[in-house]
Protein chains: 2
Amino acid sequence: MNSTQASLRINASRFKDNFEALARIGSTGDGGVNRPSFSPAHLQARQWYRQRVEEANLAFHGDSAGNHTAVLSCGPASGPTLLLGSHLDSVPHGGCFDGALGVLAALEVLQTIQDAGLSLPVNLEAIDFSDEEGTLVGLLGSRALAGELARGDLRDPRGGRAALETGLQRAGLSEEGLLQAARPGSSLAGYLELHIEQGERVHRAGADLGIVTTIVGIGSYRITFIGRADHAGTTPMETRLDAAQGASAFTLACRQLVLDTFPACVANVGKIEAQPGAFNIVPARVTLALEYRAPETAAFARIEGALLELAEEQARCFNLEVEAEKLAAHPPTPMSQQVQTAIQEAADTLGLRALPLTSRAGHDAQSLAAVCPAGMVFVPSVGGVSHAPAEFTEWTDCVNGANILLQAALNLAGKMSF
Amino acid sequence: MNSTQASLRINASRFKDNFEALARIGSTGDGGVNRPSFSPAHLQARQWYRQRVEEANLAFHGDSAGNHTAVLSCGPASGPTLLLGSHLDSVPHGGCFDGALGVLAALEVLQTIQDAGLSLPVNLEAIDFSDEEGTLVGLLGSRALAGELARGDLRDPRGGRAALETGLQRAGLSEEGLLQAARPGSSLAGYLELHIEQGERVHRAGADLGIVTTIVGIGSYRITFIGRADHAGTTPMETRLDAAQGASAFTLACRQLVLDTFPACVANVGKIEAQPGAFNIVPARVTLALEYRAPETAAFARIEGALLELAEEQARCFNLEVEAEKLAAHPPTPMSQQVQTAIQEAADTLGLRALPLTSRAGHDAQSLAAVCPAGMVFVPSVGGVSHAPAEFTEWTDCVNGANILLQAALNLAGKMSF
């Protein structure tokens, strides 16, 4: 890379204006945003992104999986594309940095390179992937683009089939479109994503940024404890088949299992529903949304088995039955060594300290890793809070992160030989 | 009573036709019905009842609390009314006997007395009380009629304020109407209700029916455990403030408390809701619908205190906060001795064995007990199942129960002196 490129920096005030404008869309008034996939606020954010792209004189492209990209043709015609991006959807009542920061940093990188009039061996795209958070399916747009989405993944997705159908309709998309959105791997030079860490490891290590070495494996199940509906006044306590007892015992035991036996893993019961769901009826069915994460392949398989055994065990204690439906399993995914090196070199150029670390959250980069060299930059999260309105990253760190993304992209592009 | 009256019996086949027709409204196809207050199926059942009343050449009357009655003017003009009845609403996915049997037995008693052309010292009404089960408020129509309903009871009812407003609108009712539906106690000669036992005590004692001595006290709370929403992948297990842990520990401890310390009482966690409610977010709030019942005043107060203390204790174990909102408290209510005697004499007349017992369920009779002599007849429930589709009572027992209701009403009327 020449020294002009090495001294190139993003436009921090334009980046900040965009960040603040986007944070107002779906704002919950407490610093958070509520933009679940294809909700009115999410659709509005997508529309806003399209306008920004067009105002920046970049080409706008939408694919049949609902992914939106800004295209900068700074490379050879029909040359490969280096993708930069993240997602604009949020968890329900989440924070305003998760996903949004990465999309806007990608857009800012494209504008900076456009402003500098650089020619590169690759073309660039700043992408907003659809449904990363899993309100509907999870990593939906990135899996579709990488050709990692199968029809079976859409049959009983974790948000429920009805929500998927409604969501696609709202966004003007179709199931067939999702399955036809794959790009050939040969057209992709690589994928780079900037994201908040959602943890405190970078900050605690005294570093400025994180370089992701691997993305944790994530599995999810719908677990239903089944007893019998009975009158909650007239049925003796001893003879009840109370589904809430099994579900509660499992929820407690689940946490204890992770603490005692799988210290590198986590598990969460995030959703609980009792049926029929009345004060005066003993619950016949209690359904739990279970998610677990493990950093290595072996632990990923072992914790799954242990959790299922635990569910059986707790159900037996209360004479209940249990059903476990597997909804998704994304095994642990290593990031490209080439991309990690490009990020480390960018950190060296900028004089920033980088910490190599495992991502404990799932990201679109894990979909892309199947078809091209993929990697991620983490900026530190204050207090490690995420998926909540209090999610926060210092603005200096956001700007550093965007400059790392810029320099890492230039490093990667510089190593391309065509 | 003269011997003609003593030998009077209901028309069992008409009673059965009505019972079967009503069971088809809101049928869930598995023996159960789904007729929560003012749902389309419940409104249809109300309409069906009105037609039956009119076809029977009885006067139909609807009050401003949504109570529907069949009126038989068999007594002196502006003389007092002996009310017989129950309710047509059901719990979600409940049984077809609970409430419905009592309303149809009351109607059958009026038709039998009308057919016999009897003159009595009282007028009779067969009443369908609105919202007995508490989808909205609980014992709503009977409390309104007895003047036991206060504006405060409608502010944050157990089904939620929004559900109440929607329900009232669907039924063409208003809050003001509810508060103006009270009848003067002097206009009421008494109240008699036939109901399924919803337990196995009558059957186990080898009796044909139960005579309720007292109605259990019932209290309900909405209990919310409050933690912090966090990313379920990146937040270490040790630092989470997971509301589901406190709620689960409480649900388990609640059952144990009743088993260990309050053997005559029961408690139920019937509804559980986690927020924000996503696979990948640690629950910030978990709200439980708690109901407890006690047969005596002292135990009723003690169990309430013990449950609230338990909630605090379990919240502390997981560094959570807890909020407990009291929704309703109906203390234990003794039934009228006069009415119990009238039922016992009816059993003697019919050669049936009666068991005096406490009602472990709440009933409209407890509202009426505040303003007039009130009492209840129980028919046995097979297996004690109730609030579920498998709820069942042998038809012979239903017919016996309706004849007991008839004879007890005649006994009570006979003792009136005006």
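**The largest pocket and its surroundings**

With 5 residues, strand 13 of chain A gives the most to the lining of the largest pocket. This is a predicted model. The lining is made up of 18 residues, and nearest the centre of the pocket lie A:R222, A:K271, A:I272, A:E273 and A:T287. Two or more lining residues come from each of strand 11 of chain A, strand 13 (285-294) of chain A and strand 11 of chain B. By class, the lining residues are 7 nonpolar, 5 polar and 6 charged. The space in the largest pocket is about 340 Å³.

Chain B is superposed on chain A by a rotation of 180° with a shift of 0.1 Å along the axis, and the RMSD is 0.2 Å. The two copies are therefore related as by a two-fold rotation axis. In chain B, the residue that comes closest to this axis is B:S248, whose C-alpha is at 2.1 Å. Of the interface residues of chain B, 100% are also interface residues in chain A, so the copies meet through the same surface.

The peptide bond from A:Q275 to A:P276 is cis, with omega near 5°. In chain B, the bond that joins B:Q275 and B:P276 is cis with omega about 0°, and B:P276 is found in the loop between strand 11 and strand 12 of chain B. Most peptide bonds are trans, and most residues other than glycine have a negative phi.

The backbone of chain A also has positive phi values outside glycine. One is at A:S78, with phi of about 55°. A:S78 is found in the loop between strand 3 (68-72) and strand 4 (81-87) of chain A. With a relative accessible area of 80%, A:S78 is exposed. Another is at A:H93, where phi is near 50°. A:H93 lies in the loop between strand 4 and strand 5 (94-95) of chain A. The relative accessible area of A:H93 is 32%, which makes this residue partly exposed.

How values were computed
Residues are numbered from 1 along each chain as its sequence is written. Chains are lettered from A and ligands numbered from 1 in the order in which they are written. This is a predicted model: local features need pLDDT of at least 70, side-chain atom pairs count only at pLDDT 80 or more; totals for chains, interfaces and linings use all residues. Side-chain values use heavy atoms; hydrogens and water are left out. Copies are superposed by least squares on the C-alpha atoms of residues with pLDDT of at least 70 in both. Contact means heavy atoms within 4.5 Å. Helices (H or I, at least four residues) and strands (E, at least two) are DSSP runs, numbered from the N terminus. Buried means under 20% relative accessible area, exposed over 50%, partly exposed in between (1.4 Å probe, protein chains only). On a 1 Å grid over the protein atoms alone, a cavity is a set of points where a 1.4 Å probe fits but cannot get out, and a pocket is an open set with protein on both sides within 12 Å along at least five of seven lines; lining residues have an atom within 4 Å of a point. Grid points are joined across faces, edges and corners, and a volume is the space filled by probe spheres set on the points. Ala, Val, Leu, Ile, Met, Phe, Trp, Tyr, Cys and Pro count as nonpolar, Asp, Glu, Lys and Arg as charged, and the others, Gly among them, as polar.
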